[in-house]
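User: Hi! I am new to protein structures and would like to learn how to read one. Could you walk me through this example?

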Amino acid sequence: MVRRQGIEASVAIKEDFMTPVSTPRSEFLAGMRDTIPMDVAALPFGIIFGALAVNAGLSPFGAQAMSLFVFAGSAQFIATGLVAQNVSALFIVVTTFVVNLRHALYSATLAPYLRHVKARWLPLMGFTLTDETFVIVFKRFEERGALPYGQWYFLGSSAVMYANWQLCTLVGIIAGRTIPNPQGWGLEFAATVTFTGMVVSMLRNRSTGLAVIAAGVVALIANPLPNRLGLMLAALAGVVAGVIGKSLFREDQVERLGALDSDVTPVARSQEVTNE
């Protein structure tokens, strides 16, 4: 018995010191690495946006500025289409706001895993939160729990997405000014495949399934409405259904308990650091 306990203690000590230490740099690089496949899938999506933007009447500077300061692919596409239809600025703002309400659900889902992060991080994380980064970061947190430097993993992922989006927009702007009819390129199909893959990978509970079904049904029914109203209503329906589903199935309580009980990335005691 004594011998067995000694062996177990030796193994525990060995594993303690062999476990990789979580640092801001290691988490940032891991976030970048894990997001590269999403970047590849987003390449045509960004290029076609840049091309459509200049063909819709935006100046090259205006198209690039939209990617720099808005950084929301679906909202940018919608806004560009509405600009081409000479819709009022107020309507464009309201439409893109409703479409991006899903980010409120993203934030609520990630919040239990980032409760230790100081408030100064939140504006930057909120601005750089995208569908792709949410999927990558949430998967990481689900597998490993509340990482001590989880915000650095988040920023590593979003930094790659941001740089990729700016570059693709620029390529699209150049191509859109030299190649006619960007709508005929067929590149938007890549965006459909990408988002379908992300949605399928996130179907892990009943509230998410309810949100997908609600948004899909409303999108089909409201598709004939003008000025992208159908998409706006579908996004709103999905958000409402997701919130109701979390409350109805009590999944929000389960997620909070899971995050509170999850293990933080283990590190050797001699190498523990204070989170900033």
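User: How many helices and strands are there in the protein chain?

Analyst: Let's start with the ground rules. This is a predicted model, in which local features need pLDDT of at least 70, side-chain atom pairs count only at pLDDT 80 or more, and totals for chains, interfaces and linings use all residues. Residues are numbered from 1 along each chain as its sequence is written, and side-chain values use heavy atoms, with hydrogens and water left out. Helices (H or I, at least four residues) and strands (E, at least two) are DSSP runs, numbered from the N terminus. Here the protein chain has 13 helices and zero strands. Along the sequence, the pattern reads α-α-α-α-α-α-α-α-α-α-α-α-α.

User: What share of the residues in the protein chain is buried?

Analyst: Buried means under 20% relative accessible area, exposed means over 50%, and partly exposed lies in between (1.4 Å probe, protein chains only). Of the 276 residues in the protein chain, 42% are buried. Among contacts with a separation of 6 or more, 82% are between residues 24 or more positions apart.

User: How do I describe two helices that pack together, and at what angle do helix 6 and helix 8 cross?

Analyst: Two packed helices are described by the angle between their axes and the distance between the axes. Axes are lines fitted to C-alpha atoms, for helices over the stretch in contact, and angles run from 0 to 180 degrees between N-to-C directions. Angles under 35 degrees count as roughly parallel, over 145 as roughly antiparallel, 65 to 115 as roughly perpendicular and the rest as oblique. For helix 6 (residues 102–110) and helix 8 (residues 131–144), the axes cross at roughly 20° and come within 11 Å. These two helices are therefore roughly parallel to each other.

User: Which residues meet where helix 6 touches helix 8?

Analyst: From helix 6 come Arg102, Tyr106, Thr109 and Leu110, and they meet Asp131, Phe134, Val137, Phe138 and Phe141 of helix 8. By class, this contact has six nonpolar, one polar and two charged residues. For the classes, Ala, Val, Leu, Ile, Met, Phe, Trp, Tyr, Cys and Pro count as nonpolar, Asp, Glu, Lys and Arg as charged, and the others, Gly among them, as polar. Let's look at one of these residues: arginine 102 is buried, with a relative accessible area of 18%. Leaving aside neighbours within four places in sequence, arginine 102 is in contact with Ser74, Asp131 and Val239.

User: Are helix 8 and helix 9 roughly parallel or roughly antiparallel?

Analyst: Try the angle again. The axes of helix 8 and helix 9 (residues 150–178) come within 9 Å and cross at roughly 150°. That makes helix 8 roughly antiparallel to helix 9. On the helix 8 side, Glu132, Thr133, Ile136, Val137, Arg140 and Phe141 meet Gly150, Tyr153, Phe154, Ser157, Ser158 and Met161 of helix 9. That contact has six nonpolar, four polar and two charged residues.

User: How many salt bridges does a search of the whole structure find?

Analyst: A salt bridge is a side-chain nitrogen of Lys or Arg within 4 Å of a carboxyl oxygen of Asp or Glu. The search finds four of them. In one, glutamate 27 pairs with arginine 140, with the closest N and O atoms 3.1 Å apart. Glutamate 27 lies in helix 2 (residues 24–55) and arginine 140 in helix 8, so this pair ties together parts that are 113 residues apart in sequence. Both glutamate 27 and arginine 140 are buried.

User: Which residues are linked in a network of salt bridges?

Analyst: Glu27, Arg33, Asp34 and Arg140 form that network. Arginine 33 and aspartate 34 meet through their side chains at 3.2 Å, N to O. Aspartate 34 also forms a salt bridge with arginine 140, where the closest N and O atoms are 4.0 Å apart. Because aspartate 34 lies in helix 2 and arginine 140 in helix 8, the pair ties together parts 106 residues apart in sequence. At 51% relative accessibility, arginine 33 counts as exposed, while aspartate 34, at 25%, counts as partly exposed.

User: Where is asparagine 100 found?

Analyst: Asparagine 100 sits in the loop between helix 5 (89–99) and helix 6. Its relative accessibility is 21%, so asparagine 100 counts as partly exposed.

Note on methods
Contact means heavy atoms within 4.5 Å.
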